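This report goes through selected local features of one protein model and its ligand. Please look at the sequence and structure shown here before reading on.

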Amino acid sequence: MEKYHIEGGVPLRGEVDISGAKNAALPILAASVMTKGENCFTCCPEISDVDSMVRILEALGCSIRRDGETMAVDATGLSDWRIPDHLMKEMRSSVFLAGSLLARCGEAVISNPGGCNIGKRPIDIHIKGLKALGAVVERHTDSIVLKADKLKGTHIRLDYPSVGATENLLLAATAAQGTTIIENSAREPEITDLQEYINRCGGRVFGAGTGRIVIEGGMKLAGSDHRIIGDRIEAGSYLLMAMGTGGEVFLRGIKAEPIGSLIEVLESGGYSIKEDEGGVWARSKGHGLVSCRVTTKPYPGFPTDLHPQLAAFLTANGKSSSIEETIFENRFNYAKQLVKMGADIEILEKKVIIGSNKILYGEKITAEDLRGGAALIIAGLMATGDTIVQNTRYIKRGYSRLSEKIGLLGGKIREYE
Ligand code: UD1
């Protein structure tokens, strides 16, 4: 099992390059199967979820070349629409292929997707919307078969602004005859990036970033060049690492707006955070303790994907705070690991209560999911003494070159078997 060894207590200082967003790269790679000709993606993060998506695309007949964060994908020779179950289970985002394969082939065979164990994560909203577009869906013991001779534009109102369902339906609707309107759509910036990519390929999608997306279907899509937007969750994680250790950081490649809800929390504790050319500066000098009541919400609310990292930060830099989780019911696995390190943190039904700031002590701790794992890295960097974080495979799903980036900021972290 791979582990991180962290020597804590060193303030992180310097500049960090924010990679392309995992949650934009994955649906965009899934969308690329709808195009003919070569796509060239830049700022494509080097994370294991992207590796999994590449394995799926190759299994379907796409040709892929990769060089660091640049990836060329050509789906002209796509020859299959059945995703092998073992690849489907590698990550949640495999589900986006339902929409894009239906659009390209009129058929998709998927199974229930994998992903971090942070809650039940059903796909009923995806399936309901695909049916509204004209897909026939058969559920078998180990597969879900979706077929549509002809997808037809329609008016869909989502029961909940699900990010994944919005993206899946947007993909399928690009091939539908006529116009589709998705109401109560999710507004996350990664959806806007997906819209931008599809439109570069020749699609006609409008309204991403609002609660109403309009897709004029039936356009032929050609491969295109696209730069993936910066990862706001990665940026927020480095912000918390640097502020949590009393350092300062320039987050290169991100704007302030997508991490606005986190900036607001930190500013309430006296941290100084400013957007500058090409990124965001953050300084901890002169800060006090943060006391906050945060509730996770769909964008532009506080992101569930930054809940564990904020909790870790608050254990050493906050007082009488709470974080209520409204999106994924099983997001609290990190908390018992923080308790082992000396944190004053209590889990109620859907909430964590974080008492007054404590000194954390290095411990042997175990990541149980991606964002919870990032929280343990933050705790290890803030702690006195040495921390071992086990199960790094979860963290590698979503953080590109983590130990290298922390090392460049002066943090003491190394990976070992
Ligand atoms: C996406 C992000 C994930 C983030 C989450 C919430 C990607 C690849 N992943 O996940 O990092 O944590 O948004 O911002 O972009 N739900 C249903 N039925 C459905 C779909 C969702 O009940 O068919 C529920 C979920 O259980 C959850 C809520 O809706 O409670 C939000 O889920 P959703 O926005 O779909 O999250 P994901 O797309 O899985």
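The model is predicted: local features need pLDDT of at least 70, side-chain atom pairs count only at pLDDT 80 or more, and totals for chains, interfaces and linings use all residues. Residues are numbered from 1 along each chain as its sequence is written, and side-chain values use heavy atoms, with hydrogens and water left out.

## Ligand site

The ligand sits in the largest pocket. A pocket here is an open set of points on a 1 Å grid over the protein atoms alone, where a 1.4 Å probe fits, with protein on both sides within 12 Å along at least five of seven lines. A molecule sits in a pocket if more than half of its atoms lie within 2 Å of the grid points of that pocket.

Around the ligand there are 18 residues, and the closest are Asp124, Ile125, Ser162, Asp305 and Ile327; a residue belongs to this shell if one of its heavy atoms lies within 4 Å of the ligand. Helix H5 (124-132) and helix H6 (163-173) each supply at least two residues of the shell. The largest share, three residues, comes from H5. Helices are DSSP runs of H or I with at least four residues, strands are runs of E with at least two, and both are numbered from the N terminus.

| Residue | Protein atom | Distance to a ligand oxygen atom |
|---|---|---|
| Arg92 | polar side-chain atom | 3.2 Å |
| Ser162 | polar side-chain atom | 2.6 Å |
| Val163 | backbone N or O atom | 2.8 Å |

On its own the ligand has 740 Å² of accessible area, and the protein covers 88% of that area. Accessible areas come from the Shrake-Rupley method with a 1.4 Å probe, and for residues only the protein chains shown count as cover.

His126 lies in helix H5 and is buried, with a relative accessible area of 4%. Buried means under 20% relative accessible area and exposed means over 50%, with partly exposed in between (1.4 Å probe, protein chains only). Which residues does His126 touch, not counting residues up to four places away in sequence? They are Arg92, Val95, Ser162, Gly164, Ala165, Asn168 and Leu169, where contact means heavy atoms within 4.5 Å. His126 and Leu169 are 43 residues apart in sequence, yet their C-alpha atoms are 6.9 Å apart in space.

Asn168 belongs to helix H6 and is buried, at 0% relative accessibility. With residues up to four places away in sequence set aside, Asn168 touches Val95, Phe96, Ala98, Gly99, His126 and Leu130.

Helix H1 (residues 22-31) is largely enclosed by the rest of the structure, because nine of its 10 residues are buried. Among these buried residues are Lys22, Pro27, Ile28 and Leu29.

## Residues in loops

Asp80 lies in the loop between strand S5 (70-74) and helix H3 (85-88). Asp80 counts as buried at 16% relative accessibility, and its side chain makes a polar contact of 2.9 Å with the side chain of Arg82. Apart from neighbours within four places in sequence, Asp80 is in contact with Ala59, Leu60 and Leu101.

Gly410 is in the loop between helix H14 (402-408) and strand S23 (412-416). Gly410 is partly exposed, with a relative accessible area of 35%. Leaving out neighbours within four places in sequence, the contacts of Gly410 are Val10 and Leu12. The C-alpha atoms of Gly410 and Gly14 are 7.9 Å apart, although 396 residues separate the two in sequence.

The peptide bond from Tyr299 to Pro300 is cis, with omega near 10°, and Pro300 is in the loop between strand S17 (293-295) and helix H10 (307-317). Asn184 is not a glycine but has a positive phi of about 55°; its place is the loop between strand S10 (179-183) and helix H7 (189-200), and it is partly exposed at 23% relative accessibility. Arg401, also a residue other than glycine, has a positive phi near 45°. Arg401 lies in the loop between helix H13 (392-395) and H14 and is partly exposed at 31% relative accessibility.

Methods. A polar contact is a pair of N or O atoms within 3.5 Å; within protein, one must be able to donate a hydrogen and the other to accept it, and residues adjacent in sequence count only if both atoms are side-chain atoms. On a 1 Å grid over the protein atoms alone, a cavity is a set of points where a 1.4 Å probe fits but cannot get out, and a pocket is an open set with protein on both sides within 12 Å along at least five of seven lines; lining residues have an atom within 4 Å of a point.
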